[in-house]
Amino acid sequence: MTLFGAGLLLVAGLVALRARMTLVTVVGMSMAPTLLPGDRVVVRRLPTARIRRGDVIVLRVAGPCRPGDRKDEAKTPWLVKRVAAGPGEPMPAVLPTWTRGSGVVEPATFVVLGDNPGLSRDSRHFGAVPADGVLGVVVRKVGGGSVTAPASANGPAPSNPPVPPTYRSVTDIGVNS
């Protein structure tokens, strides 16, 4: 194989990887202690049908997430949250009554919560989120560490943990400085 052929193969591999994976830098404390500001995570783009309760996902909410935010898609921050319920599952009891609707999560939507409820804006504030706003699932922290639900002082973490949104920036693999 020539040097040109090897280079071309490398570029093709990077393009394919970038289409499936991205790096995200966490900004904010809403996912603490699981994810802290400055943590970098690998996000896999995959069909939303494969997303399950307990997965940490990166998503964009279609509207202002914080008081004073404008409803401007280009400036709407990406959020890092944990899926508390998916389509067809019961609405978590931590949600306010106005967000529960029929009591079951509608098709093509997710209920997301932060691991640090006191500092998170999540489905408790803006309701279920559309699946088409999901970038992907966090598969691991860069440098090691787990993104599974943290254990609490009262025993293991609940299977439906409250998880608020985390504001972060997205940088694709190969473009990150």
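# A walk around a predicted chain

Guide: Welcome! This is a predicted model, with a mean pLDDT of 76 for the chain, and 66% of its residues reach 70 or more.

Visitor: Which elements have the lowest and the highest mean pLDDT?

Guide: The lowest belongs to strand E8 (residues 166–171), at 37, and the highest to strand E5 (residues 109–113), at 96. Go carefully around residues 152–177, where pLDDT stays under 50. The model still has 101 contacts beyond four places in sequence for that stretch.

Visitor: How is the chain put together, from the N terminus on?

Guide: The elements run α-β-β-β-β-α-β-α-β-β-β, which gives you 3 helices and 8 strands. Of the 177 residues, 40% count as buried.

Visitor: Let's visit strand E5. Why is Thr109 called buried?

Guide: Buried means under 20% relative accessible area. Thr109 has 16%, so it is buried. You'll find Thr109 in strand E5, and it touches Gly86, Pro87, Ala128, Val129, Pro130 and Ala131, leaving aside residues up to four places away in sequence.

Visitor: What does the side chain of Thr109 reach?

Guide: The backbone oxygen of Glu106, at 2.7 Å. The cut-off for a polar contact is 3.5 Å, and 2.7 Å is within it.

Visitor: And Ala108, why is that one called exposed?

Guide: Exposed means over 50%. Ala108 has a relative accessible area of 52%, so it counts as exposed. Ala108 lies in the loop between helix H2 (97–100) and E5. It also has a positive phi of about 60°, although it is not a glycine.

Visitor: Which residues form a nonpolar patch with Leu119 on the surface?

Guide: Met29 and Leu36. Together with Leu119 they have about 260 Å² of accessible area. For the chain, the accessible surface comes to about 9300 Å², and 61% of that belongs to carbon and sulfur atoms.

Visitor: One last stop. Where is the cis peptide bond from Ala32 found, and what is its omega?

Guide: The bond goes from Ala32 to Pro33, with omega near 5°. Pro33 is in the loop between strand E1 (21–27) and strand E2 (40–44).

Terms used. Residues are numbered from 1 along each chain as its sequence is written. This is a predicted model: local features need pLDDT of at least 70, side-chain atom pairs count only at pLDDT 80 or more; totals for chains, interfaces and linings use all residues. Side-chain values use heavy atoms; hydrogens and water are left out. pLDDT is the predictor's confidence in each residue, from 0 to 100. Helices (H or I, at least four residues) and strands (E, at least two) are DSSP runs, numbered from the N terminus. Contact means heavy atoms within 4.5 Å. Buried means under 20% relative accessible area, exposed over 50%, partly exposed in between (1.4 Å probe, protein chains only). A polar contact is a pair of N or O atoms within 3.5 Å; within protein, one must be able to donate a hydrogen and the other to accept it, and residues adjacent in sequence count only if both atoms are side-chain atoms. Accessible areas come from the Shrake-Rupley method with a 1.4 Å probe; for residues, only the protein chains shown count as cover. Patches are made of residues with over 30% relative accessible area and no salt bridge: like charges are joined within 9 Å, nonpolar side chains (Val, Leu, Ile, Met, Phe, Trp, Tyr) within 5 Å. A salt bridge is a side-chain nitrogen of Lys or Arg within 4 Å of a carboxyl oxygen of Asp or Glu.
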